[in-house]
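Here is a short note to read beside the structure, in numbered points. Please keep the sequence at hand and find each residue as it is named.

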Amino acid sequence: MRYLALALALFMQVPPEAKIRIAPPPLPSVPRAAAVLRGVRILDVRPDGVYFLGSACPVGGFDAYTALHVVAEAKGQLVALPNHGHRAGPEGASRVHIVWKDDKHDLARIVPDSADEAFLTWYPRGPVPLAGAEVRGVLILPPPATLAVPTFGTFYGEDDGWLWGSQVSGPGSSGSCVLDDLDRVFAILTATASWGNEGVAPSNMPRASVFVRIPD
């Protein structure tokens, strides 16, 4: 993290025309889930260091969505870094800012600060799948590795404006893409939920991931 903080500090001072933008290759993974590693993670670059906030889902060179709670409390410069774990460097980083937010659905749209810092990879959009379909996402492993690894799940359906599924999630996964089996994005991950009868131990309660639909 110390190396990353130094590299990002230098990145913030380099004029756009001097930067070489190269997306690092994804880590080896299940071939049919490699696409989920093309997302980005969101960092908060402050004078006292670099803080990992969560993930984001690019849907175009100048357009990405994330969970609002990921970026709402940022105190420094928001930076989107290619989501390839410890192999990621500042070469493909993009300084970004919020241009739209939806407090009700915990959703925010972010764009690069400069046309020279477009996202290097992004996802085509797709329709909400049928209940029972496979969904794919990314899980951020705990430090010090902080690797991004594919995760699979089942789409449960929609209720009260929210989408539900069994995709595994964890700290750092908030704001990440939710893909269908054709690698099209239809939502981002925003939270987890559990439910059950009174008296049921929390560890035995059914759990689900909560998704929010990306606007058309």
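1. The largest nonpolar core has 31 residues, where a nonpolar core is a set of buried Ala, Val, Leu, Ile, Met, Phe, Trp, Tyr and Cys residues joined through side-chain atoms within 4.5 Å. The residues with the most contacts inside this core are Ile42, Cys57, Val71, Leu179, Val185, Ile188 and Ile214. Apart from it lies another core, of eight residues, including Val135, Leu163, Val178 and Phe186.

2. Some cautions on how to read these values belong here. The model is a predicted one, in which local features need pLDDT of at least 70 and side-chain atom pairs count only at pLDDT 80 or more, while totals for chains, interfaces and linings use all residues. Residues are numbered from 1 along each chain as its sequence is written, and side-chain values use heavy atoms, with hydrogens and water left out.

3. Of the 216 residues of the chain, 47% count as buried; buried means under 20% relative accessible area, exposed over 50%, and partly exposed in between, with a 1.4 Å probe and protein chains only.

4. The chain has two helices and twelve strands, which are DSSP runs numbered from the N terminus (helices H or I, at least four residues; strands E, at least two). Six strands close into a barrel in the order 1-2-3-6-5-4, with antiparallel pairing; two strands pair if DSSP finds at least two bridges between them. As an example, strand 1 (residues 40–46) and strand 2 (residues 49–60) are joined in the antiparallel sense over seven bridges, and arginine 41 has serine 55 in strand 2 as its bridge partner.

5. How many aromatic pairs does a search of the whole structure find? The search finds two, counting rings of Phe, Tyr and Trp (its six-membered ring) whose centres lie within 6.5 Å, with planes under 30 degrees apart called stacked, over 60 edge-to-face and the rest tilted. Tyrosine 65 and tryptophan 100 form an edge-to-face pair, 6.3 Å centre to centre with 80° between the planes, and this pair links strand 3 (residues 63–67) to strand 5 (residues 94–102). Tyrosine 65 is buried, at a relative accessible area of 6%, whereas tryptophan 100, at 34%, counts as partly exposed.

6. Phenylalanine 155 and phenylalanine 186 also form an edge-to-face pair, 5.8 Å centre to centre and with 80° between the planes. Phenylalanine 155 lies in strand 8 (residues 148–159) and phenylalanine 186 in strand 11 (residues 185–194), 31 residues apart. Phenylalanine 155 counts as buried at 2% relative accessibility, and phenylalanine 186 is buried at 0%.
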